Amino acid sequence: MENKSHAFMAGLFTLMLLAAVGASVYWFNRDNRVRLPYDLVSRTNVTGLNPESAVRYRGLAVGKVESIKFDTSTPGQILIRILVNKGTPMTKSTFATLSYQGVTGLAFVQLDDDGHDRTLLSSSETHVAQLPLRPSFVDELQRRGNNLVHQLEAATSSVNQLLSPDNRQAMVDSINSVKSAAQSVNRLAQQLEPVTTQLPDTVRELTGTLEGAHRLTNQLTDPQGPLVRNLDSVGRAADQAASSLAAFQITMQTFEGSLQQEALPRLNTLSDDLRTTTQAVGQAAETINRNPRALLFGTSPPPPGPGEAGFSWPGGAGR
């Protein structure tokens, strides 16, 4: 009877110990953090992503994946429900991508923000906010894989053409040409070596020439120098010539005025008198030509006209 009581107590103690261990494990594993739901909308592959996968915001663990399912309202679209710790800066410009852990192939959700809209994005169990799931680097690489392969093939073909036997021979010839040019430059340097040895003397002579030119320039620019004095003399002579020219212009203007006001009217009067005299001489010559006697006896008066004394009508007596 006593053995049975000890066994009962031992069994009861074991059960109580197991219950305490279970309660401790539950207590320490219990997640007391408040998390908000968000739906990620994806049209790309989500290979490697599973429920309970981690959710990171710029590398910091902020939640986990709750479920992955198809969107019944949009064929081909996938909805990924994630739970994010309350207080995480989720804004309207926040987006998600899939990242992979090493070489295991296991994926996790990486949240980031491009910063164009800092308005906080609210979400709740009744109104779950949606975020876009952008293609990852692997998705972009798969999408552009064919183009990359074609470009790689084209590049390989170009390299093969570049390294054809003819082109290789041309490159060898070019290298030989460069080698020959380098040898020519070396020979030219050897030929120029005597000239380079004379350069110090030439430089000293050139320095002396430059100093002389500098002194000559100083003399030419000296206000008391001969060049400046000669230039002053030339300037004064030019001023005198300008004064004389101005006086000559005034004289010519005076002469022109006198010619227009006095000489030209007199010349016009003389011309009129000369024209009258010429006309009179012409008339006298014409009279003498018609009646030479007029030169000795003078001109006879013209016959009387009608109404004058002595007028008679031709062919009859006066009326």
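Modeller: Let's start at Q77, which is in contact (heavy atoms within 4.5 Å) with V41, S42, R43, F70 and D71, once its neighbours within four places in sequence are set aside. Before going on: this is a predicted model, where local features need pLDDT of at least 70 and side-chain atom pairs count only at pLDDT 80 or more, while totals for chains, interfaces and linings use all residues. Residues are numbered from 1 along each chain as its sequence is written, and side-chain values use heavy atoms, with hydrogens and water left out.

Q77 sits in the loop between β3 (60–70) and β4 (78–85); strands here are DSSP runs of E, at least two residues, and helices are runs of H or I, at least four, numbered from the N terminus. Although in a loop, Q77 counts as buried because its relative accessible area is 9%; buried means under 20%, exposed over 50% and partly exposed in between, with a 1.4 Å probe and protein chains only.

Now for β4 itself. Its residue I80 touches Y38, D39, L40, V46, L49, V65, S67, I68 and L133, not counting residues up to four places away in sequence. I80 is also among the residues with the most contacts inside the largest nonpolar core, along with L40, L49, I82, V109 and L111. That core has 22 residues; such a core is a set of buried Ala, Val, Leu, Ile, Met, Phe, Trp, Tyr and Cys residues joined through side-chain atoms within 4.5 Å. The largest share of it, four residues, comes from β4, and β1 (35–42), β2 (54–57), β3, β4, β5 (94–100), β6 (107–113) and β7 (129–132) each supply at least two.

What about the loops on either side of β2? E52, in the loop between β1 and β2, has a phi near 75°, positive in a residue other than glycine, and counts as exposed because its relative accessibility is 55%. R58, in the loop between β2 and β3, has a positive phi of about 55° without being a glycine; at 48% relative accessibility, R58 is partly exposed.

R56 lies over the face of F108, 5.4 Å from the ring centre, and R134 over the face of F95, at 3.8 Å.

Zooming out, the chain has six helices and seven strands, and 16% of its 319 residues are buried.

Notes:
Lys NZ or Arg CZ within 6 Å of the ring centre and 35° of its normal.
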